[in-house]
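This report goes through one protein chain by topic. Please keep the sequence and the model in view while reading.

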Amino acid sequence: MPKVVFMLSNGTETGVDARIGDSVMTTATQHGLDGVVAECGGNLSCATCHVWVRDDFLDAVGPPGEMEDDMMDLATSDRRDGSRLSCQITVSEDLDGLTVEIPPEQP
């Protein structure tokens, strides 16, 4: 089972087991992690699951799609090279150890 590491806005790192095929957003909400609001439930219609993917996983995660890219313009936190909506990142064995930072501000 792959692990996803979440860097919370208070600086705490929390590693959790993730199910293959689930989104990173679902993984965060199922484990009750603060900061991933997920208002739309993963339907790509809000930006409340914005995360920053650490550099070492940027290639594995890939770039955002066009709709995701447009939606991130609504995010309240700074956009970075690793900005993604966690609802659009699907957990796989290749993402074991994925580390994402949760921005300090989500709507």
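Ser86 sits in the loop that links β4 (83-85) to β5; helices (H or I, at least four residues) and strands (E, at least two) are DSSP runs, numbered from the N terminus. Ser86 counts as buried because its relative accessibility is 0%. Buried means under 20% relative accessible area, exposed means over 50%, and partly exposed is in between, with a 1.4 Å probe and protein chains only. Once neighbours within four places in sequence are left aside, the contacts of Ser86 are Ser23, Val24, Met25, Val36, Cys49 and Val51. A contact here is a pair of heavy atoms within 4.5 Å.

## Basis of the model

The model is predicted, and local features need pLDDT of at least 70, side-chain atom pairs count only at pLDDT 80 or more, and totals for chains, interfaces and linings use all residues. Residues are numbered from 1 along each chain as its sequence is written, and side-chain values use heavy atoms, with hydrogens and water left out.

## Overall fold

The chain contains three helices and five strands. Read from the N terminus, the order of elements is β-β-α-β-α-α-β-β. The C-alpha trace spans about 30 × 25 × 25 Å along its principal axes.

Of the 107 residues in the chain, 46% are buried. Among contacts with a separation of 6 or more, 66% join residues 24 or more positions apart.

## Surface and charge

The chain exposes about 5500 Å², and carbon and sulfur atoms supply 43% of that area. Accessible areas come from the Shrake-Rupley method with a 1.4 Å probe; for residues, only the protein chains shown count as cover.

There are 6 positive and 20 negative side chains, and the centres of the two sets lie 4 Å apart. Lys and Arg count as positive and Asp and Glu as negative, while His and the chain ends are not counted. The place of a charge is NZ of Lys, CZ of Arg, CG of Asp or CD of Glu.

## Nonpolar core

The largest nonpolar core has 29 residues, and Phe6, Val24, Leu85, Ile89 and Leu98 have the most contacts inside it. Such a core is a set of buried Ala, Val, Leu, Ile, Met, Phe, Trp, Tyr and Cys residues joined through side-chain atoms within 4.5 Å. At least two residues of this core come from each of β1 (3-7), α1 (24-30), β3 (50-53) and β5 (98-101). The largest share, three residues, is supplied by α1.

Beyond its neighbours within four places in sequence, Ile89 is in contact with Asp22, Ser23, Val24, Val51, Val53, Val61, Arg84, Leu95 and Leu98.

## Val5 in β1

Val5 lies in strand β1 and counts as buried because its relative accessibility is 17%. The C-alpha atoms of Val5 and Glu101 are 8.5 Å apart, although the two residues are separated by 96 residues along the chain. Not counting residues up to four places away in sequence, Val5 touches Glu13, Thr14, Gly15, Gly97, Leu98, Thr99 and Val100.

## The loop between α1 and β3

Most residues other than glycine have a negative phi. Ala38 is a non-glycine residue with a positive phi, near 55°, and is placed in the loop between α1 and β3. Ala38 counts as buried at 14% relative accessibility. Leu44, also not a glycine, has a positive phi of about 55°. Leu44 is found in the loop between α1 and β3 and is buried, with a relative accessible area of 15%.

Cys40 belongs to the loop between α1 and β3 and is buried, with a relative accessible area of 15%. Cys40 touches Ser45 and Cys46, not counting residues up to four places away in sequence. From Cys40 to Cys87, 47 residues apart along the chain, the C-alpha separation is 9.6 Å. Gly42, in the loop between α1 and β3, is partly exposed at 26% relative accessible area. With neighbours within four places in sequence set aside, Gly42 is in contact with Met25, Cys87 and Gln88. The C-alpha atoms of Gly42 and Val16, 26 residues apart along the chain, are 19 Å from each other.
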